[in-house]
Amino acid sequence: MSILRDKNILLGITAGIAAYKSANLVRLFIKAGANVKVVMTPASKDFITPLTLSTLSKNPVYSSFVDEDDASQVWNNHVELGLWADYFVIAPATANTMAKMANGVCDNILLATYLSAKCPVYFAPAMDLDMYKHESTKTSFEKLTSYGNKMIPAGTGELASGLVGEGRMAEPEDIVSFIEKDVLSQLPLNGKKVLITAGPTYEALDPVRFIGNHSSGKMGFEIAKAAANLGAEVILVSGPTHQTITHIQVSVKPVVSAEEMYNEVHKHFQSVDIAILSAAVADYRPKNVADQKIKKKDATFSIELEKTKDILKSLGEIKNNQFLVGFALETNNELEHAKGKLKSKNLDLIVLNSLQDKGAGFGVSTNKVTFITSSNDVIENSLKSKTEVAEDLMQQILKQLNA
Ligand code: CTP
């Protein structure tokens with residue numbers, strides 16, 4: 001999954017021959033999971049049709065202030081378009097449009113949208129080589145970048161004129177990866193590695209049976225997504241679960257038992273900056289695992305259990321600079337027990353789940369948690385979706401890291 005997933009991308013198209021590549025650009029943004037709207041200069045419609053772009057983007061295309069095809073003459077609100085966009089990408093950007101953007105001219109809807117947009121703006125110049133080299137074009141580049149806009153440089157190659165040189169619009173794939181990299185580089189956890197455990201563990205009794213629990217893994221997977229969306233590289237060690245995640249920043253390491261989870265976590269711990277252990281690890285496992293399926297014989301049957309390794313505790317014992325987060329699932333004396341775990345496991349933060357709270361815990365999509373920090377701050381949260389809880393948790397971690 002791309003970092004652009006669920007982002008709103010407004011694509012601005014101006015009147016250059018490279019506009020034919022904009023269709024592909026729309027496709028790539030859609031493939032990345034983004035929502036796309038297109039705004040065009042009137043002249044760019046000579047190079048590519050609004051119908052192509054509206055079909056690919058699944059949204060109406062805007063090229064004038066008033067919707068002329070509509071008998072009621074609807075006003076196309078450029079301010080709303082600008083506010084809708086998380087990113088405004090102008091590709092191709094002609095010398096003419098860039099000069100206008102650089103000087104605050106706004107005689108079409110694309111320019112008016114540009115002037116009112118508050119989001120990051122990227123522009124991919126496209127023109128003939130002599131125009132590209134012209135002093136006035138260079139001045140436009142300088143002015144536009146000095147306003148905080150980001151230029152996606154043109155490439156060198158054969159141009160529509162038949163001449164060979166600089167001025168070819170960057171290829172759509174390169175435009176998308178330029179933006180993805182730039183977006184990533186701005187995120188607060190860019191360059192950081194986060195290790196997360198999720199789900200239950202299954203402790204084998206014989207080849208067909210196990211001792212497990214009802215953890216769905218949802219909380220851990222949501223935390224992985226939230227961390228990845230903040231730019232972190234995530235290693236998600238997960239017990240058996242139906243949850244799935246496809247995110248460019250997340251690599252999933254499936255495990256089954258507590259012992260496997262322990263080994264996988266220790267493989268990565270030294271290389272990470274943050275570890276969040278949300279898995280519901282079995283505390284005990286059968287002491288002996290039968291080679292063959294156990295047959296029913298007597299009226300009662302006992303299983304001898306032995307303790308599993310406490311993964312979280314073991315990390316607390318060896319941590320250097322890692323920020324370590326644990327979960328506590330409690331039914332009574334919640335705060336006291338959670339504070340005890342925070343201390344005994346040498347944590348920086350513990351997330352308390354009380355089973356007394358309705359809508360909290362296993363198998364539901366909501367959670368109500370309390371954060372307790374190593375400096376004894378207690379932060380209570382209301383009942384929220386697990387997605388929101390994961391986002392709150394990541395914000396709490398950022399807050400403590402930046403304190
Ligand atoms: N945990 C772990 N390894 C284990 C058991 C628990 O890493 N073998 C982690 C969980 O992922 C969670 C935290 O420890 O982050 C707390 O788990 P919990 O079951 O609430 O606490 P325990 O320490 O196991 O204590 P108890 O069951 O007695 O409350």
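**Pockets and sheet**

1. The second largest pocket has a volume of about 460 Å³. This is a predicted model. The lining of this pocket comprises 22 residues, and nearest its centre are Met1, Arg5, Asp6, Lys225 and Asn229.

2. Two elements, α8 (172-186) and α9, each give two or more residues to the lining of the second largest pocket. The largest contribution is that of α9, with five residues. By class, the lining has nine nonpolar, five polar and eight charged residues.

3. Because domain 1 (8-185) and domain 2 (193-401) both give residues to this lining, the second largest pocket lies between them.

4. The largest pocket holds about 880 Å³ of space. It is lined by 35 residues, with Ala279, Ala280, Val281, Phe327 and Leu329 closest to its centre. Elements giving two or more residues to this lining are β9, α9, α11 (311-318) and β17. The lining consists of 14 nonpolar, 13 polar and eight charged residues.

5. An open, mixed sheet is built from eight strands, ordered β13-β12-β9-β14-β17-β18-β20-β21.

6. Leu195 is opposite Ala275 in β14.

7. Helix α9 (residues 218-229) packs on the sheet and touches β9, β12 (233-238), β13, β14 and β17 (323-330), its direction making about 165° with that of β9. Helix α10 (residues 258-269) lies across β9, β12, β13, β14 and β17, at about 175° to β9.

Notes. Residues numbered from 1 in each chain as written. Predicted model: local features only at pLDDT ≥ 70, side-chain atom pairs only at ≥ 80, totals over all residues. Heavy atoms only, no water. Pairing = 2+ DSSP bridges. Helix = DSSP H or I, 4+ residues; strand = E, 2+ residues; numbered from the N terminus. Contact = heavy atoms within 4.5 Å. Axes fitted to C-alpha atoms, helices over the stretch in contact; angles between N-to-C directions. 1 Å grid on protein atoms, 1.4 Å probe; cavity = no way out; pocket = protein on both sides within 12 Å on 5 of 7 lines; lining within 4 Å. Points joined across faces, edges and corners; volume = space filled by probe spheres on them. Nonpolar A, V, L, I, M, F, W, Y, C, P; charged D, E, K, R; others polar. Domains from an automatic or database assignment.
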